[in-house]
Amino acid sequence: MNIIEAKNLLYNYKKYNGDNIADTLISAIHDLNIQIEQGSFVTIAGENGSGKSTFAKMIVALLFPTSGALYLDGKKIEKESVPWNLCESAGIVFQNPDNQIISSIVEEDVGFGPENLGIPSKEILERVCNSLKDVGMLEYRYCSPNQLSGGQKQKIAIAGVLAMQPKCIILDEPTAMLDPQGRAQVIQTIRDLNKTKGITIVLITHYMEEAVCSDKVYVMHKGAIVLSGPPDELFERTDDIEQYGLEVPQVTLLANKLKEAGLPIGKGIITEEQLINEIMQKAEQCLCRH
Ligand SMILES: Nc1ncnc2c1ncn2[C@@H]1O[C@H](COP(=O)(O)OP(=O)(O)OP(=O)(O)O)[C@@H](O)[C@H]1O
Ligand SMILES: [Mg+2]
């Protein structure tokens with residue numbers, strides 16, 4: 001089943017002049033077609049201005065299609081009829097954790113969403129506990145978010161979305177403002193949520209290294225999907241990816257260089273571990289021969 005489906009989707013921003021009259025249209029999404037299967041982990045990458053954030057906002061009904069159709073969890077996203085329980089289908093995490101945390105105590109912040117849904121207090125407490133546990137932050141429940149690192153704050157923002165028990169979480173460049181350690185923590189957390197809870201993950205990122213753990217990578221350009229495939233197959237197409245302003249992971253570049261230099265390295269190398277194994281195997285074969 002598809003949790004997200006877009007058909008010939010279009011979105012135009014209106015630019016207003018001094019008299020508050022919309023005189024220009026900016027085409028942000030242009031004939032976008034995509035199907036995202038429930039339970040999958042997908043990455044959407046694309047250069048600045050390619051329409052990633054606009055699409056993310058459309059999925060959670062913060063923006064509505066200019067034309068075409070967008071379905072979330074089988075329901076059409078339309079301005080006239082936003083499902084009241086949309087947050088049980090999808091939640092979104094943005095780039096800057098400071099803009100998403102609204103309470104001065106972690107557990108209150110995580111419970112804010114369910115409280116607004118009118119969920120009974122006992123269940124809110126349970127949800128808060130479980131969500132904080134799921135992101136490995138339960139011990140910080142009584143802390144102030146101000147005392148946390150960027151990565152920890154982002155995990156609190158994820159817990160806040162989790163407390164709504166959504167089928168799908170969209171993360172719009174959640175690691176862009178984090179140090180390498182924070183980035184690794186956030187990526188590990190969303191990987192675990194996908195693997196252990198079957199939550200669909202839509203990760204929007206500029207870092208192709210983060211895409212290696214996804215089932216499928218989509219590349220956006222000028223508001224449309226221009227490339228897609230499993231990461232190991234897609235990253236083989238270095239030239240195509242670079243054409244759209246992106247870079248394949250460093251380790252894939254290194255594997256390509258080693259191949260060019262004459263080492264018989266196999267295809268689809270996207271992690272350091274794979275490259276090490278490949279080199280070790282070839283070295284062992286070489287030693288056996290001599
Ligand atoms: N509020 C807005 N009003 C007018 N135009 C906008 C608005 N937000 C985005 N745009 C334009 O829409 C296009 C798509 O922008 P969007 O933010 O969706 O891209 P993005 O892929 O998320 O970029 P980035 O990688 O920089 O976050 C760009 O041309 C952008 O300038
Ligand atoms: Mg963006």
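## Basis of the values

In this predicted model, local features need pLDDT of at least 70 and side-chain atom pairs count only at pLDDT 80 or more, while totals for chains, interfaces and linings use all residues. Residues are numbered from 1 along each chain as its sequence is written, and side-chain values use heavy atoms, with hydrogens and water left out.

## Helix α8

In helix α8, which spans residues 250-260, Val251, Thr252, Ala255 and Asn256 are buried (under 20% relative accessible area with a 1.4 Å probe, protein chains only). Seen down the axis of α8, these buried residues fall within an arc of 145°, so they line one face of the helix; the arc is that of the directions from the helix axis to the C-beta atoms.

Gln250, Lys257 and Glu260, on the other side of α8, are exposed (over 50%). The cover over the buried residues of α8 includes α7 (238-243) and α9 (272-289), and just after α8 Gly262 takes a positive phi of about 110°.

## Strand β6

Strand β6 (residues 90-93) is covered on both faces, with Ala90 and Ile92 buried on one side and Gly91 and Val93 buried on the other. In a regular strand the side chains alternate between the two faces of the sheet. Strand β6 runs parallel to strand β7 (residues 168-172), to which 4 bridges join it, and Ile92 stands opposite Ile170 in β7.

## The cavity

The largest cavity is lined by Leu72, Lys75, Ile77, Pro83, Leu86 and Ser89, where a cavity is a set of points on a 1 Å grid over the protein atoms alone at which a 1.4 Å probe fits but cannot get out, and lining residues have an atom within 4 Å of a point. This cavity has a volume of about 30 Å³, taken as the space filled by probe spheres set on the points.

Definitions and conventions. Chains are lettered from A and ligands numbered from 1 in the order in which they are written. Helices (H or I, at least four residues) and strands (E, at least two) are DSSP runs, numbered from the N terminus. Contact means heavy atoms within 4.5 Å. On a 1 Å grid over the protein atoms alone, a cavity is a set of points where a 1.4 Å probe fits but cannot get out, and a pocket is an open set with protein on both sides within 12 Å along at least five of seven lines; lining residues have an atom within 4 Å of a point. Two strands pair if DSSP finds at least two bridges between them.
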